[in-house]
There are 2 protein chains.
Amino acid sequence: MHVYDAVIEFIDDTIERSIDSLKELCRIPTVAAKGQGLEETAELVSKMLQEAGLKTQIHETSGAPVVTAILDVGAKRTLMFYDHYDVQPAEPLDLWDSEPFEPEIRDGRLYGRGVADNKGDTVSRIWLIKAFTETKTDLLVNIKFVVEGEEEIGSPHLPEFTKKNAEFLKADGGIWEFGGAGIDGVQEAWLGLKGVFFVELEVERLNKDVHSSTACILPSAAYRLVWALASLKDENNKILIDGFYDDAKTLSVVELEAIEKIDMHETMWRTELGIDEYLMGLSGDALKEAYYNAPTCNICGLTSGYQGKGSMTVLPAKASVKIDFRLVEDMNPNDIHRKLRLHLDRHGFTDVKITYSEGYPAAKTPVDHPFVKIVAKANQRVFGNLRIQVTSPGSGPLYLFKEHVPMVSIGCGDSKSSVHSPNESIILENYRKSIHRLVYVIDEMGHW
Amino acid sequence: MHVYDAVIEFIDDTIERSIDSLKELCRIPTVAAKGQGLEETAELVSKMLQEAGLKTQIHETSGAPVVTAILDVGAKRTLMFYDHYDVQPAEPLDLWDSEPFEPEIRDGRLYGRGVADNKGDTVSRIWLIKAFTETKTDLLVNIKFVVEGEEEIGSPHLPEFTKKNAEFLKADGGIWEFGGAGIDGVQEAWLGLKGVFFVELEVERLNKDVHSSTACILPSAAYRLVWALASLKDENNKILIDGFYDDAKTLSVVELEAIEKIDMHETMWRTELGIDEYLMGLSGDALKEAYYNAPTCNICGLTSGYQGKGSMTVLPAKASVKIDFRLVEDMNPNDIHRKLRLHLDRHGFTDVKITYSEGYPAAKTPVDHPFVKIVAKANQRVFGNLRIQVTSPGSGPLYLFKEHVPMVSIGCGDSKSSVHSPNESIILENYRKSIHRLVYVIDEMGHW
């Protein structure tokens, strides 16, 4: 009998209790964008970590608290988990098939906001340690958790925490918050994250909405915004901000080699999303290059005037847009902020106000780091092959951990998880197996 | 004692009852854009007309019913009133200082959706006839009312009614639905209305909202819409649809002479709206020409993705915009519809779907028509000078009446009435005096 058989057995025997814990956590609508339920969720996560046998601490910041936990068994190696207890807003609510904050199981999937991103992984990792504690099985590595509450709004106060607690961040390997099965069912590990720069642009040209008949002589905030947006990016998807691409680092030879092996499953994805072609007809290498290394300028939300049913003839006083720019390595959000302001001013859009919402740079763990191999070996024991992705097109505050611990992102999600979208969900069987995989990460790491 | 003194006395003595009737009518949220309360309001208007001594009829159409009323006293001349019992949506609700559908008096003004546009005028005109009936005073003209319920959505079913009831539309003069005091307090009469073409443009590029990280390889509905909108109108406010201006009739010499006399009160209006300058820095003659005769392409509402508090990193599947084009004489909405589709297709925007919401052409009553003088003389007896405006920059289905009756638009509103906006209101003293003015319109018309 393998030394960890009891742990695996415990996980399987208690899987329903574990899912109940996850449901409990998901019932709190911890929407960081709205400042909802942050303290309450931090407390619950801390309680769950304590019940799993860890020593916890709730660190106050200028924003949401950061929960840390430690279980020091005097081992040579230390494994860290980075998770977050906040979630994206659930809007648009009318597209959910069940209540976003009342998790529901249908056909082997658990539906609810946060089940994939990333309350599911958070609970799976806590339950992992609980399994060792409850079965009194020796852990071969020390364990650390960092669970923050503002990942979905760009982790604005995590630098406060990491600056004060640099020593705590030291570990030999870390598991980042997300991951899972690709569209072909193959598990994926993500080694990097793009940076992000999220802004709101606002135009206000009148002191109140007026009858649209006067549009013949009065300025339109909405059209000013449209023209400003059109000036930022052309129809060929080229971002027109002066110097925008200047610092963007190209992919290294090692990274290009790693990418070459990847099958993007272009047709499968197109079918899944109901599209005839990718942006600008991208395919093959160009599609890969864009996926792994293209910065973006994307409209997340656009609003002005009357949006109800039917017609209303109004000239709206205001218009605004939420934009996220994804940044690749060496691009700096503060620099892009400055260049955006300059661009708008040079094009006559001094009336467009910028509100900087969040921003941080990209970061990557090297493809050839030994910890990457450890994760791949552990994955092999549960799921088979692992697709190593040099970076995710998504973002996260990996840059704050980069100097202290090599991070690999794996998790319980899959290609139908609808992260940041309505009907977010996970496959419960993958949830269970992803805990098994972590048992073997500990095993492999203990023998490193 | 003047023959109409008893009528004037009745109006003054019963003014509070009249305002109570107006409040009652405004408590029904008759929002045509949402199909709310239409039948109920038609019934109430019909009842009020009957109580004033008129014979009424409710005409069913494919949309909201049209209420007509007649009081035939066998006179030589017939005076018609055109009104509408529907109102604009009350959104944005958070900008109202009192409930939009619970009228409230503050500082001599009555606030509520529809008090100015045009339930106030409707009730004032019914009360006018009631004053004659109750005081048993001889009317010197026959009276007709046409009160429709879809003016605010472009009167889509009024042509059905006017085609079937052409004979009823014949009259020697008519009072159109709106009007009142200008920014300088001088009363205004409007002789024309621009046409309108209201559409919704919609782009859908994915079958669901997705995580915005994939914006590097997936098409953006919101940006497609932005580019389409930017292609329609340039930053100099020139509408770029091929042939858009082709049929636009220029102002006649008589109209230009009438406009020359007008003081636009440029500074007063700028202060009122909190703007430094008009659209494109317009002033003087150019400002007047734009006001009276510029077609427009105006964004009434713009919507895509997340519009809540804070940030949400999403690539929205859909984006849409509501646009109203104001059309001047000889421009045809169906022709503009065709040209808009052609324009979008030629610019590669075959993915932009057009939904035609409403549309009709412009129309004007000639400046030198004798009925215009009658209205001016009646106005003189109550308010003093009258500013004759060759056309309003706004729209209304005047074209349906044009061949049957010369219409002049006067009413109880004023420059702070916030028509189509939050805190719509009227000055109660102007409401009372506008009924007096109609007594003298009847008097002057009886001696025509």
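Biologist: Where is Ser418(A) found?

Modeller: Ser418(A) sits in the loop between β19 (407-409) and β20 (425-427) of chain A; the helices (H or I, at least four residues) and strands (E, at least two) are DSSP runs, numbered from the N terminus. This is a predicted model, in which local features need pLDDT of at least 70 and side-chain atom pairs count only at pLDDT 80 or more, while totals for chains, interfaces and linings use all residues. Residues are numbered from 1 along each chain as its sequence is written, and chains are lettered from A and ligands numbered from 1 in the order in which they are written.

Biologist: Is Ser418(A) buried or exposed?

Modeller: Ser418(A) is buried, since 20 other C-beta atoms lie within 10 Å. A residue counts as buried if 20 or more other C-beta atoms, placed from the backbone, lie within 10 Å of its own, as exposed if 12 or fewer do, and as partly exposed in between. Ser418(A) also has a positive phi of about 50 degrees, although it is not a glycine.

Biologist: And what is phi of Asn237(A)?

Modeller: Phi of Asn237(A) is near 70 degrees, which is a positive value in a residue other than glycine. Asn237(A) belongs to the loop between α6 and α7 of chain A, and with 18 other C-beta atoms within 10 Å it is partly exposed.

Biologist: Which residues does a cis peptide bond join in chain A?

Modeller: In chain A a cis peptide bond joins Asp117(A) and Asn118(A), with omega about -10 degrees, and Asn118(A) is in the loop between β5 (109-111) and α4 (119-134) of chain A. In chain B, Asp117(B) and Asn118(B) are joined by a cis peptide bond, with omega about -10 degrees.

Biologist: OK, changing topic: what rotation superposes chain A on chain B?

Modeller: A rotation of 180 degrees, with 0.0 Å of shift along its axis, superposes chain A on chain B with an RMSD of 0.0 Å, and that is the relation of a two-fold axis. The copies are superposed by least squares on the C-alpha atoms of residues with pLDDT of at least 70 in both. In chain A, the C-alpha nearest the axis belongs to Thr303(A), at 2.4 Å from it.

Biologist: Why do the copies meet through the same surface?

Modeller: Because 100% of the interface residues of chain A are also interface residues in chain B, the copies meet through the same surface.

Biologist: Which strand of chain B is joined to β13(A) by bridges?

Modeller: Five bridges join β13(A) to strand β12 (residues 296-305) of chain B, and the two run antiparallel; strands pair if DSSP finds at least two bridges between them. Within β12(B), Gly301(B) is the bridge partner of Gly305(A).

Biologist: What is Val226(A) in contact with?

Modeller: Leaving aside its neighbours within four places in sequence, Val226(A) is in contact with Val226(B), Leu229(B) and Ala230(B). Val226(A) is also among the residues that touch the most other members of the largest nonpolar core, which has 282 residues. Such a core is a set of buried Ala, Val, Leu, Ile, Met, Phe, Trp, Tyr and Cys residues joined through C-beta atoms within 7 Å.

Biologist: Last topic: which domains does the assignment give for chain A?

Modeller: Chain A is given domain 1 (5-194 + 363-446) and domain 2 (195-248 + 295-360), with bounds that come from an automatic or database domain assignment. The C-alpha centres of these domains of chain A lie 34 Å apart, and the contact takes 10 residues from domain 1 of chain A and 11 residues from domain 2 of chain A.

Technical notes: Contact = placed C-beta atoms within 7 Å.
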